[in-house]
Every structure is written in C-alpha cells, then in structure tokens.
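Here is a short report on a protein model. Look at the structure first, then read on.

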Protein chains: 2
Amino acid sequence: MEEIRQNIITRDWVIISKTRAGRPNEFAGKKKERQVLPAYDSRCPFCAGNEHETLDESFAIRGNDGWRVRVVPNKFAALSPHGQRNRRVAGVFRSMPAVGIQEVVIEHPRHDTTLALMPEAHVADVIRAYRQRYEHVRKDERIEAIIIFKNHGEAAGTSLQHPHSQLVATPIVPNQFRVRIDESIRYFDDMGECVYCRTIAEELASRERVIEENEHFVAFIPYAALSPYHMWIFPKRHASSFDDITDAEVMSLAPILKSVLARLYVALDDPDYNYSIRSLPTAGLRTEYFHWYVTIIPRITKTAGFEFGSGMFINTSVPEESAAVLRDVEVDRL
Amino acid sequence: MEEIRQNIITRDWVIISKTRAGRPNEFAGKKKERQVLPAYDSRCPFCAGNEHETLDESFAIRGNDGWRVRVVPNKFAALSPHGQRNRRVAGVFRSMPAVGIQEVVIEHPRHDTTLALMPEAHVADVIRAYRQRYEHVRKDERIEAIIIFKNHGEAAGTSLQHPHSQLVATPIVPNQFRVRIDESIRYFDDMGECVYCRTIAEELASRERVIEENEHFVAFIPYAALSPYHMWIFPKRHASSFDDITDAEVMSLAPILKSVLARLYVALDDPDYNYSIRSLPTAGLRTEYFHWYVTIIPRITKTAGFEFGSGMFINTSVPEESAAVLRDVEVDRL
C-alpha cells in the first residue's frame, strides 16, 4: 500500500508513490546533454573582465587575484528601490507600488563552475555575501521579507549560465510565510518547543533520511518530501533569521551545502535545481517558534493539474531510498 | 512604476511586471512544432476500439455511434480504493494508507481532438461526466476532497496525447484548501458576503479583465493573475460545490469553457495548459462563504527559486492587456 505523509512543518500532505518509484537512479540522465562551457565568455555580463556590463557593485569579496564574489543590482528588476509602499484599495482590488530590492550574487569570476565544484572556502564567501546583503537590506524600513535563492539550469528558470544567485526583498510578507509562521506558533503554543528543533531531534534519532551532518548543520530529505530528492538543510542551533548565522556556522554551512550539491551532481548527473533560504520576515529577529533553513528542489519532475488544483504533491520516490542513494555518493573527488 | 497586486481570494501577492511584459503575443509560438495526430492510434489505450486496454469502465455517455465520453479507473493510480484512512503517528511523523480514488475521463473517442475544437454539446457531455463522478465519489465516506483537473500537453505534465482529464479523490483535506476556506470564512464574517460573489460583481462592473460572459458564467483574468493568461471561470449563482451545478448551468459552462480554451488555442498557438475545478471539501455541500470555480493555467512560463522560496509570483504580463487579447480572438471558425 502506498502512503500519504504529512509534513508537520508546512502541514502539506504528500502522496508517496512507492510502486510508481523506479530504481533509485531513474531520474539521472534524463536531461539533454549539457554543453561544455568556456572559462570566460565575452558576452557574459557576470564574467571577470566584463564588470562594465553590470550596474554599480553593491558589495564584493576580494582576494589577491581580484574579486571572488560580487553583488550587483538586478538589471532587469521588477521591483524598484525608489518609492513608498502605499496601498491602493478599490473594492476587492488591492495594490501597491512595486517597491523592493533585487540583487544578483555573482558566485565566482569563472563562467564554467558551479557550487558543487567550488572549493569550500569559496562557497563560504558566497554565504558571507548572502549574510552581508541580508543584514544591509533589512535596514530598509520598507522591506518586510528577504528571499535569497538560486536557479541552476534552464528547467530551474535561469537564463544565464554563469554561476549566480539572487536576493529579492519585498515590501510585503508573502502569504505563504504568514501561513507557515502561524503554524509554527500553534505548534509552539501546543508543545512548548520549536517544531523545526523537534524535527531535527527526530531525524537525527532515526537517521533514515539524513544525508549528512556536521557540527552546526544537518542535511536530510524531509519525511514528506514534495518531489524526488527535495532536501532540507537545518541549522542545529535554534535561530529564526538567516542573518543570525555566526562565522563558525558559515564555516559549517559551506561544506555541507557544497557536499549535498556535489552528491546531487554525481547521483543525478548535474540536475537543474532551485534552492532558497527560508528566514523570518524582517520585522522580527529572534523568536522561539520559527527556525531558518535552506530548501533544495531538484527540477527533475513536472508539476501538473493535480498539484495546481490541490496544493498537494505526488512524489514518485521514497525519501528513505533517495537519502540512501545520496549518502552513498563519493564526493571526495569533486 | 510596476505594481504588486493582492488576490483577495487567495491572499497571494503578485508582482505585475509591466515593463518586463512584451507585446501581447510574446508568449505565442515559443513552443516546439506540434505533431499532427492521427484520428486513431493503435497503441493508445483511450482510442475507440482499444477499450480492452483500460480497466473496467466506471461510467460512460453513449450516442448512436458508441461512447462519447468514458470514465475508467486510473491504471497507474497512486491511491487505492481499498483500505481505511487510519493515521499512523510517531512523533512528528504522520502518515496514513494512500486510500483514494483516481479516475480518467476520456473526453472523446478520437485521438486528434481537444476541448477547444469539440462541439459545445460534446463539451457538455464531458462536464456531465465530471458531475456524475463527483456525485458518485462523494458518497464514499473515506473521501474528503475531490479534485477534477486536466493536463494538456507535455509542459502541463501529461504523457498521453489522447484528450482526457482526471479525477483524484483524497482521504484528507489538502492544507491549501483549508487555508483558502479559512480566508473565505473571515471575509464572510467581516463583510457578510461571499468574497467570490463580490469579485464577480466588481469584475462585471469594471469589465477590464472580463473575457466572456453568458447567462450563468463569467470568464476573466484575475486582477492578481499568477502567470500570463491565468484565467478563472466563476458560476454567477452562489454555490459551494461543483456537483451542485444544474442542467441549465452545464449548458452554459460548456460553451464558455470551450470558447476560452479556443481563444487560448488561437491566441497562443495551442499552448500547454492545466485546468482544475476548485470545490468545497465533501464534508460540506452548501455554505455561504465558499464558491466553486474553474481555474485555467497556461504553462508558458517557468516557476523558479523565487516562487518556491516565497510562494509569490512575478507575472510578466498585464491582466487587462491579456484579457483584451483574448476578447479580440475570432473563435467562430473553430
């Protein structure tokens, strides 16, 4: 019999279709042949040497050979840094000016690399750039939520191959944030503890879905993963906002993030994926109920009418089996 | 200045990116060349003549020349009609057996047609089949929600080209249903009216986003449409559950559903799309606050990390402009 599982954090029910699930590696090699990229592309605005193609740098981390990570405003932003967030209300129609901040984090000077292949020290610089921008942007009083995310590959929605991630800061709290926070408050009120902390304790006790663990972080496939190889990385220390990450935690997140992406790279042949950092709305900083984390979603299956019509997902893989596949990957050579 | 709009029904905020929006027809012709299909395909389990390839028929509408619409159990169902919905709870891990019903509605005996091209009388038969199955399935006391949906084209998640839709009946109420119903109750408690009825009144008063209207239905682009050409069809009469649809309303829904799909077919060159019918969980039948409807989502843009990480959408088209494009399409010849 197949199983329906509830993700107690999001409260979403997921149909885990074991009989539909094929062999563990059924998702690999489905994608079209990936082209070999040059180290430098003269048409790429993010390549070292083409800095004049971007808007004025907001931040950079530099080494002896020039910049290592660079942050620039998004040239094609839908949100503008100018203006006020005044509501316009006319009956059921509510709107406001599209005020906000959109930045691009250029992760590396080279065109032909990706986080899975970068040295851990370089991934740590990318995370430091995220933190610096998060801390800076949260000072803007018009901003309510900051979303840091990455689109890797065409199926994940990117148009530029140069390794980069994005920051979008919105003048409203997205409704989905509110819904999840309300649920975490309910759990805290009922049980007197953070539902994320409880999940870490139970995942570490069971180990069935744990991919990797280090001093400050644990990476696992959620019990009710929405789709094949959907992964979460949780900080072990209870903290609600991403920018609360300590220097020691940055040094711990970098190797585990690189490592799980490298496992995906090997196991699924460099799949397209999205990741995002889920953090508290900026009005708060420390709460007892919310816990920031990283979510990674390989884009190897399609959503269809059932998902749109219900908000539920059918996952054609078994979380425990996917975790075992990823645990077994040899990533030392990357 | 771009605009952020709130959908008062779903409470989702959407960034409407006017400056990113290209000409109205920028979304047409992006898809790969569609192959010409045969009227009959010997390998297709849904073609007339191949009935032995499907499981035993649950329902059919027949004419003088044989069946017109046929409903069969889904051969590759993730949910089983057998068993009980007993919860298994171990700490934060909650699951239950995957009990439920999955059926396929074969919309036409022919392989090479689609709802946009069918006679209205045939589309009415498809809707009657939906209603009959909905009424039948709701009698099963293990069922909490019934989702009827369609995946048209590969980008919309279908693997079979023969025109068909699906019914999935789940033993739980999807969390997204609960969240939206709670919101409709809040609106009703605050304002003393149904938020959907209020939206119909305001959309008909403004007409800016209305595509088409007939005796019993109105089709429009939502004010805060999630993506280009996202459409809603609302029944004008307040009713919470799809199976409450009257015979007269079926005869009114068929032409407007066919017509809006035909407008899409012409304007965007037969785009891939999903639609689904949003209806009350089966525990209820008539409420003052919830209103059933049809939602149509053309699959012409991709979701990426921002959408995953926030639940918000960036719509690169302007609802009023898209509605004007669809209103102007000549569909009489189809």
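How many helices and strands does chain A have? Chain A has six helices and 15 strands. Helices (H or I, at least four residues) and strands (E, at least two) are DSSP runs, numbered from the N terminus.

This is a predicted model: local features need pLDDT of at least 70, side-chain atom pairs count only at pLDDT 80 or more, and totals for chains, interfaces and linings use all residues. Residues are numbered from 1 along each chain as its sequence is written, while chains are lettered from A and ligands numbered from 1 in the order in which they are written.

**Overall size**

The C-alpha trace of chain A spans about 60 × 55 × 40 Å along its principal axes. A compact globule of 334 residues would have a radius of gyration near 20 Å, and chain A agrees, with 20 Å. The radius is taken over C-alpha atoms, and the globule rule is 2.2 Å times the number of residues to the power 0.38.

**Two copies**

How do the chains relate?

The contact takes 60 residues from chain A and 59 residues from chain B. Two residues are in contact if their C-beta atoms, placed from the backbone, lie within 7 Å. On the side of chain A that touches chain B, 29 residues are nonpolar, 19 polar and twelve charged. Here Ala, Val, Leu, Ile, Met, Phe, Trp, Tyr, Cys and Pro count as nonpolar, Asp, Glu, Lys and Arg as charged, and the others, Gly among them, as polar. The copies meet through the same surface, because 98% of the interface residues of chain A are also interface residues in chain B.

**The sheets**

Two strands pair if DSSP finds at least two bridges between them. One open sheet has five strands in the order E5(A)-E6(A)-E1(B)-E2(B)-E15(B), with mixed pairing. Its edge strands are E5(A) and E15(B), and each pairs on one side only. Another open sheet has ten strands in the order E3-E4-E7-E9-E8-E13-E14-E12-E11-E10 (chain B), with antiparallel pairing. Its edge strands are E3(B) and E10(B).

| Strands | Bridges | Partners |
|---|---|---|
| E6(A) and E1(B) | four bridges | Arg94(A) and Gln6(B) |
| E10(B) and E11(B) | three bridges | Glu213(B) and Val218(B) |

**The helices**

In chain B, helix H1 (residues 120-137) lies across strands E3, E4, E7, E8 and E9, at about 35 degrees to E4(B). Axes are lines fitted to C-alpha atoms, for helices over the stretch in contact, and angles run from 0 to 180 degrees between N-to-C directions.

In chain A, the axes of H1(A) and H4(A) come within 8 Å and cross at roughly 115 degrees. The residues of their contact divide into nine nonpolar, no polar and three charged. Among them are Val123(A) and Ile127(A) of H1(A), and Leu253(A) and Leu257(A) of H4(A).
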